[in-house]
Amino acid sequence: INAEYMGPMDSFEQIFTGDSVPVKFITKTFEKAMPKTVFHMPVKVTLAALSEFVCTTLQLPNPITFNFLYANEFIKTEVLLTYLKRKNLSTETTLEIEYTPAFELEVGNNMPHDDWISCIARLPLHLGGDPAEHPYLTGSYDRCVRIWQGTECLFVGGGHTNVIKAAYVLDATEISTGKRKRDCIECRFLTGSKDGSIRLWQYHQGKLKELFAFQHGDAVDTIDVHHTHTLMSSGGWDRMLKVWKLDQVLEGGSKETIHCILNGHSRAILATCWSHANRGRLYSTGLDGEVKSWDVIKQSPLVTITADAPAAYCMAVGREEGDLVLTGHTDNKVRLWDPRSPDACVAYGGHKGWVYDVQWNAFVGNETCLFSSCSEDGTVRVWDTRSTHELLNHNEHTDGVLCLAWMGRGVILSGSKDNSVLACRTTGTHDSVATTA
């Protein structure tokens, strides 16, 4: 090991003996990079000692624990030599090992509601400070929408006649002249309900006004909006995937609001998501277990993934070019699909109940590997796509967890059947606060 990078290494005297393997350290998630040199690490070094070595070399004021990956795979063995033997790697080959902060969990505030919380949506505002104190809205089984600023509920209201199942915030503005805290935020958002309607709302000066109502033939379970705000998709128990001309409504209203109706699912549609990278591409899934992609411009199906998957309750689409798709199922598993290879599927097991929501962490760039899931088992779990073992398991809820939202800087909000929204902080993400809803 190069002495100029060693620092105070007295504690490593005994382990740096015997056979060694050349190692280069890289990171994609930590703010400090290791020197671009080859370190000759002892083959019998433990991962704990390797983590201590990285902390010492980087001269971190407060040591933290790191996880390590080789070739995009987490190293799970306690000793490096065991991993080398398992992967049949030569000690003469230079290993490029990635280090990333290990995850730790801090449980934060509890925001009580009057009934089950079915959806959470972050308000896309440019705000500093603690993301746990940023504004968001919730939809509930009591048919109400609530707007929150941290732990303070600014507004309760609505107009749906049945359970609210979905919400999407279109835009939000912070008003510095408001005398009351509830007057300092303005926003427009959409809600979908079991009453068969999707409603467009404006929250202004502490009051909620309905601007427009879209109609399904049965309960609505899912809505999503194209990033250009031109089109909105929705699905529900009428088995119709509807695409609406949202831009015409936002510009002043239009009687001809439907763009197209996409038929193909044999049972209720419970999740729909737009592609972030491919214009006009839409995804859907539901109780038939099929993951479908659609060309909305041509109004035709593209790919149907039928890998004998059970019913799916939720979906999330990544922001990278390949549109990696996450789905949560009634066999208690999360599945990762690549539409470019429909037969390829990775299953993440660990939940002990149906998976109700999955969310990519959209605050660490377009190539994030991190996602979260929640389940009827009352847990929230954080995953890295490069390992089928969870990174974190948050089990502070006392009943099934129905919905999730990443707020930035590792903060996750979760809504549950125990009538509460909990905030937890996953240290180790090193993400930044973004404006993406």
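1. Arg 335 counts as buried at 11% relative accessibility, where buried means under 20% relative accessible area, exposed over 50% and partly exposed in between, with a 1.4 Å probe and protein chains only. Its salt-bridge partner is Asp 331, with the closest N and O atoms 2.7 Å apart; the criterion is a side-chain nitrogen of Lys or Arg within 4 Å of a carboxyl oxygen of Asp or Glu. Asp 331 is partly exposed, at 28%.

2. A word on the basis: this is a predicted model in which local features need pLDDT of at least 70 and side-chain atom pairs count only at pLDDT 80 or more, while totals for chains, interfaces and linings use all residues. Residues are numbered from 1 along each chain as its sequence is written, and side-chain values use heavy atoms, with hydrogens and water left out.

3. Please also look at Lys 417 and Glu 376, a salt bridge with its closest N and O atoms 2.8 Å apart. The pair links distant parts of the chain, 41 residues apart: Lys 417 lies in the loop between β32 (411–416) and β33 (420–427), and Glu 376 in the loop between β28 (370–375) and β29 (380–384). Strands here are DSSP runs of E, at least two residues long, and helices are runs of H or I of at least four, numbered from the N terminus. Lys 417 is buried at 14%, whereas Glu 376 is partly exposed at 29%.

4. Glu 290 bridges to Lys 292 at 2.9 Å between the closest N and O atoms, and Lys 292 is buried, with a relative accessible area of 8%. The count of salt bridges comes to 18.

5. Which residues take a positive phi without being glycine? Asn 72 does, at about 65°, and so does Asn 332, at about 75°. Asn 72 sits in the loop between β3 (66–70) and β4 (73–74) and is partly exposed at 43%. Asn 332 belongs to the loop between β24 (325–329) and β25 (334–337); it too is partly exposed, at 22%.

6. On the aromatics, there are 18 pairs, counted when ring centres of Phe, Tyr and Trp (its six-membered ring) lie within 6.5 Å; planes under 30 degrees apart are stacked, over 60 edge-to-face and the rest tilted. The rings of Tyr 70 and Tyr 83 have centres 6.4 Å apart and planes at 80°, so they are edge-to-face. Tyr 70 is in strand β3 and Tyr 83 in helix α2 (residues 80–86), 13 residues apart. Tyr 83 is buried at 4%. Tyr 348, Trp 360, Phe 371 and Trp 383 form one aromatic cluster.

7. Strand β17 (residues 241–245) deserves a look, with four of its five residues buried. Strand β16 (residues 231–236) runs antiparallel to β17, joined by four bridges; strands pair if DSSP finds at least two bridges between them. Ser 233 stands opposite Val 243. In their hairpin, which has four residues between the strands, Arg 239 takes a positive phi near 65°. Strand β18 (residues 258–262) also pairs with β17, antiparallel over four bridges, and Leu 262 is the bridge partner of Leu 241.
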